[in-house]
There are 2 protein chains.
Amino acid sequence: MLRHRILNEAARSKIMSAQQAARLIESGMTIGVSGFATGFPYAVLMAMCEPGGPRGLTVLGGAIGSEEPFPSMTNTGVMTRFYGWQRCRELRYKLNHGEVGFIDVHLGQFAGKIRKGDYGKLDFSVIQCMKIREDGGLVPALAAGIVNALVECSEKIIVELNTSLSAELEGIHDFGLNPEKRLVSMLDRLGDDFLPCPPEKLAAVVITDDVEERLPTRDTNEIYEGIAASVIRCLRRETESGRLPKDFTLQVGTGGVANAVLQGLREGGFKGLSMFTEILSDSALDFLDSGVFKEATTTALDLSPEALDRVTANLQTYKSKLVIRPLDVTNNAKRIDDMGLVGMNTVVEADIYGNVNSTHVTGTNMISGLGGSNDFSRSCKLSIFITPSTAKNGNISCIVPMVTHHDSTEHDTDIIATEYGFADLRGKTPKERALLIIENCAHPDYRGLLRDYFGEACKATRGAHTPHILHKAFAFQERLARLGTMKDG
Amino acid sequence: MLRHRILNEAARSKIMSAQQAARLIESGMTIGVSGFATGFPYAVLMAMCEPGGPRGLTVLGGAIGSEEPFPSMTNTGVMTRFYGWQRCRELRYKLNHGEVGFIDVHLGQFAGKIRKGDYGKLDFSVIQCMKIREDGGLVPALAAGIVNALVECSEKIIVELNTSLSAELEGIHDFGLNPEKRLVSMLDRLGDDFLPCPPEKLAAVVITDDVEERLPTRDTNEIYEGIAASVIRCLRRETESGRLPKDFTLQVGTGGVANAVLQGLREGGFKGLSMFTEILSDSALDFLDSGVFKEATTTALDLSPEALDRVTANLQTYKSKLVIRPLDVTNNAKRIDDMGLVGMNTVVEADIYGNVNSTHVTGTNMISGLGGSNDFSRSCKLSIFITPSTAKNGNISCIVPMVTHHDSTEHDTDIIATEYGFADLRGKTPKERALLIIENCAHPDYRGLLRDYFGEACKATRGAHTPHILHKAFAFQERLARLGTMKDG
């Protein structure tokens with residue numbers, strides 16, 4: 001079995017246990033970790049959490065969740081600094097209590113910043129792979145993320161070889177960057193399907209057959225369906241006016257709203273679209289099967305064991321429909337611009353001028369991170385931000401006078417859509433935008449309060465370019481903190 | 001004379017007076033206007049301001065100033081909506097009093113948004129040229145800006161042929177975009193040095209010999225020299241550590257601080273650099289002559305008559321040192337990333353977490369516009385934001401707890417530099433950034449107040465990722481409005 005997985009002689013001589021490999025890492029080091037929603041090197045990272053393992057590490061990684069090994073790494077003090085995107089409860093608590101350092105980064109620029117040396121020397125990287133080639137090249141698991149930059153820039157590499165993944169999946173990646181070549185189809189190849197790795201870099205090979213834990217996916221609901229209906233109306237108007245081709249490319253996330261939009265596209269008769277995404281999940285696979293999408297590129301294939309079996313059983317079909325690429329392709333400004341795609345991202349709150357907060361509760365507490373939201377909103381052809389009009393049983397308006405944290409500015413927002421409708425902000429002045437957002441997107445319970453703020457701000461500033469009253473700009477959020485609701489007494 | 005300027009027969013038959021051409025434009029139309037700091041079609045625009053001319057126009061243009069024709073266009077109601085960048089006093093007053101609509105845009109995306117149709121149909125464009133070729137192609141004046149998109153997308157074109165410009169300057173432009181070709185040297189050619197223009201588009205040719213008014217350039221002062229010294233210290237550290245090559249490419253603006261930095265580079269013995277700029281002025285020309293810079297690309301050559309004579313008299317030399325390109329090359333995200341350049345932009349205020357406000361006084365009143373600041377800060381290798389530590393005789397701290405408007409977010413800021421020093425924010429958490437910015441950049445008079453805010457915010461939020469106290473976040477700006485100073489009673 002291993003003969004077919006580890007074709008390189010020298011690599012075979014480096015096989016050791018997860019515990020032995022974990023001991024190579026010293027406290028205080030900076031390490032990279034493969035994976036993006038999937039593809040994490042579980043065995044070695046868990047071994048590091050055992051007594052005597054390294055502590056106080058700076059970890060560079062992507063889209064880590066609340067599944068192990070990350071809670072343990074946080075709780076044992078193995079990881080005291082994390083760079084990337086996370087939705088790990090334990091980590092989130094500690095980074096919002098000054099106990100862990102966190103660096104949030106545009107995912108499309110993450111690999112570039114590692115290469116530039118912005119984060120200093122990278123001592124080790126731990127990479128989950130499905131195969132080591134005869135030339136020593138690595139075939140990573142089903143997530144690309146920043147693994148290319150990690151392998152390039154790390155002084156030493158620990159490979160965690162996962163035999164639970166079919167080695168026949170080799171060929172599904174494209175790690176090429178080739179900036180001179182345009183990506184016309186999602187399936188165009190820019191380079192190799194493996195990562196070169198000089199033998200002297202390889203410090204250890206650990207064999208595992210772990211099957212990853214999975215997060216439950218959220219169901220849809222009426223509000224999500226309402227948002228999806230607004231988005232579909234907007235997209236239909238664009239394709240009917242000819243501004244958007246009928247077979248446009250959509251950047252699509254995961255979760256309830258994204259699923260509802262996909263459902264709406266199918267019901268609306270959209271066909272032959274292309275998909276540009278960070279995480280391709282079970283439901284996205286269904287839409288690829290049904291022909292709503294003809295092809296896809298993603299940085300991670302985050303599938304249930306059943307869906308993965310479906311892919312493995314129909315490998316040639318899926319290899320001709322989807323390619324896994326690193327974040328510096330899937331989230332690259334130039335590629336996004338070239339593809340003329342529609343970007344769709346969720347926000348925590350949007351303000352009446354079109355600025356959006358994707359990351360912070362009341363401007364202070366980090367939820368997950370920027371992710372690719374501004375990579376896409378900045379460079380795509382049509383940037384759509386979606387949000388329910390309210391949260392917490394209607395006590396929070398997701399449309400506010402001023403966002404408490406800015407992730408995408410007014411210039412990067414074309415459309416805001418809620419279950420009440422959408423506001424098309426293109427070519428609009430701030431004051432025109434405010435009226436559209438209040439009347440088309442805000443919940444009716446909050447429209448009066450928003451109109452009052454805007455009207456008063458226009459008056460107080462005598463019609464300034466962007467009317468605001470600084471001491472009232474956060475009145476909604478302050479009311480929430482005081483009364484538990486943004487509604488007026 | 002005109003035989004050598006207008007080689008196309010059909011174009012010669014369209015010669016008419018500025019008044020006749022102005023009458024082709026109807027009230028309420030959307031028009032494009034050539035020029036960027038220079039190269040504006042003065043005669044036709046002034047003729048439009050005469051009684052009986054069109055009113056209520058939407059105008060797309062770039063870097064317009066307080067020189068005519070823009071004050072007259074604003075005052076007579078010819079222009080009631082403007083898209084682009086401006087530093088025109090009359091326009092600024094009206095757009096901040098609800099009398100004129102203004103759309104501020106990332107300049108690197110302006111041409112793309114015109115092509116996408118974000119601003120609707122473009123009825124006419126008025127383009128200052130130095131020559132019309134035999135094939136009808138236009139050789140514009142010494143500014144490229146968005147002129148390529150205007151000529152492509154306008155239904156009709158009015159050419160204002162300016163005979164005061166030497167026709168021998170032909171060849172100094174490169175209008176090519178060729179996204180597949182990498183710009184290795186500033187001088188590499190991506191396409192043609194003229195703009196194709198189908199004869200049926202050309203509606204009028206107006207002959208002028210106007211010499212443009214010029215804005216006075218600002219002198220340097222001690223504060224500017226202090227800021228420049230901080231920037232030079234930072235750049236030297238980067239080149240000495242090898243993170244930046246010794247012959248790096250610098251994005252450099254105009255005005256006092258930029259000049260002081262150029263002066264500092266010369267005195268510091270920097271040589272053979274490349275220049276990426278929007279406006280190349282007299283002083284930049286001097287630094288090109290002296291070898292500090294070996295070559296330059298710019299979107300406009302904004303020179304005094306004397307400097308322009310120098311260029312004309314040494315045309316071959318200058319043509320081998322500089323190229324004029326459109327904004328969708330000079331400010332393009334991919335090009336900026338490719339060139340690995342150092343971006344340097346001034347701000348109105350920066351906050352303790354590294355967000356910057358480049359455009360709005362107290363978050364409400366627009367000064368000029370984004371310009372290319374976030375095109376560069378977002379995509380360049382090293383993004384430096386510069387500002388004096390204080391303004392208005394020390395009554396305004398340019399470092400504040402929270403900026404009142406966000407143009408570049410914390411993620412797009414590598415360095416903040418004032419006359420007191422610089423803060424290197426790369427790889428730093430928000431709380432680490434705050435300490436660096438307060439201690440290295442803020443004026444000593446304000447450090448205590450900033451430390452107090454930050455300390456209190458850390459306590460109140462129990463060390464949240466980005467500590468803020470929303471009702472005190474704008475206390476500095478509110479104190480200024482109340483007491484005329486941000487200083488504490």
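Me: Where does A:Pro69 lie?
Reply: Take the bond first: a cis peptide bond joins A:Glu68 and A:Pro69, with omega at about 15 degrees. Most peptide bonds are trans. As for its place, A:Pro69 is in the loop between β2 (57-62) and α5 (70-75) of chain A. Helices (H or I, at least four residues) and strands (E, at least two) are DSSP runs, numbered from the N terminus.

Me: Before we go on, what sort of model is this, and how are things numbered?
Reply: Residues count from 1 along each chain as its sequence is written, chains are lettered from A and ligands numbered from 1 in the order in which they are written, and side-chain values use heavy atoms, leaving out hydrogens and water. Local features need pLDDT of at least 70 and side-chain atom pairs count only at pLDDT 80 or more, while totals for chains, interfaces and linings use all residues, since this is a predicted model.

Me: Which peptide bond is cis in chain B, around B:Pro69?
Reply: B:Pro69 sits in the loop between β2 (57-62) and α5 (70-75) of chain B. Omega is about 15 degrees for the cis bond here, and that bond joins B:Glu68 and B:Pro69.

Me: What is the phi of A:Lys392?
Reply: Look in the loop between β19 (390-391) and β20 (396-397) of chain A, where A:Lys392 is found. Most residues other than glycine have a negative phi. A:Lys392 is not a glycine, yet its phi is positive, at about 50 degrees.

Me: How far apart are the centres of the two domains of chain A?
Reply: Chain A is divided into domain 1 (2-208) and domain 2 (222-483), with bounds that come from an automatic or database domain assignment. Taken over C-alpha atoms, their centres are separated by 29 Å.

Me: Which residue does A:Arg325 meet in a salt bridge?
Reply: The rule finds three salt bridges across the interface of domain 1 and domain 2 of chain A. A salt bridge is a side-chain nitrogen of Lys or Arg within 4 Å of a carboxyl oxygen of Asp or Glu. At 2.9 Å, N to O, the side chain of A:Arg325 meets that of A:Asp174.

Me: How many residues of chain B are in the contact with chain A?
Reply: The area buried between chain B and chain A is about 5300 Å², and carbon and sulfur atoms give 49% of it. B:Arg378, B:His411 and B:His465 lose the most area on the chain B side, together 14% of what that side buries. Chain A gives 68 residues to the contact, and chain B gives 68.

Me: Which residue forms a salt bridge with B:Arg378?
Reply: There are six salt bridges between chain B and chain A. In the one asked about, the closest N and O atoms are 3.3 Å apart, and the partner of B:Arg378 is A:Asp375.

Me: Why do the copies meet through the same surface?
Reply: Chain B can be laid on chain A with an RMSD of 0.0 Å by a turn of 180 degrees and a shift of 0.0 Å along the axis, superposing by least squares on the C-alpha atoms of residues with pLDDT of at least 70 in both. The two copies are thus related as by a two-fold rotation axis. The surface is the same because the interface residues of chain B that are also interface residues in chain A amount to 100%.

Me: Which residue of chain B comes closest to the rotation axis?
Reply: The distance is taken at the C-alpha and comes to 2.3 Å. The residue is B:Glu180.

Notes
Contact means heavy atoms within 4.5 Å. Buried area is the accessible area (1.4 Å probe) that two parts lose on being put together, summed over both.
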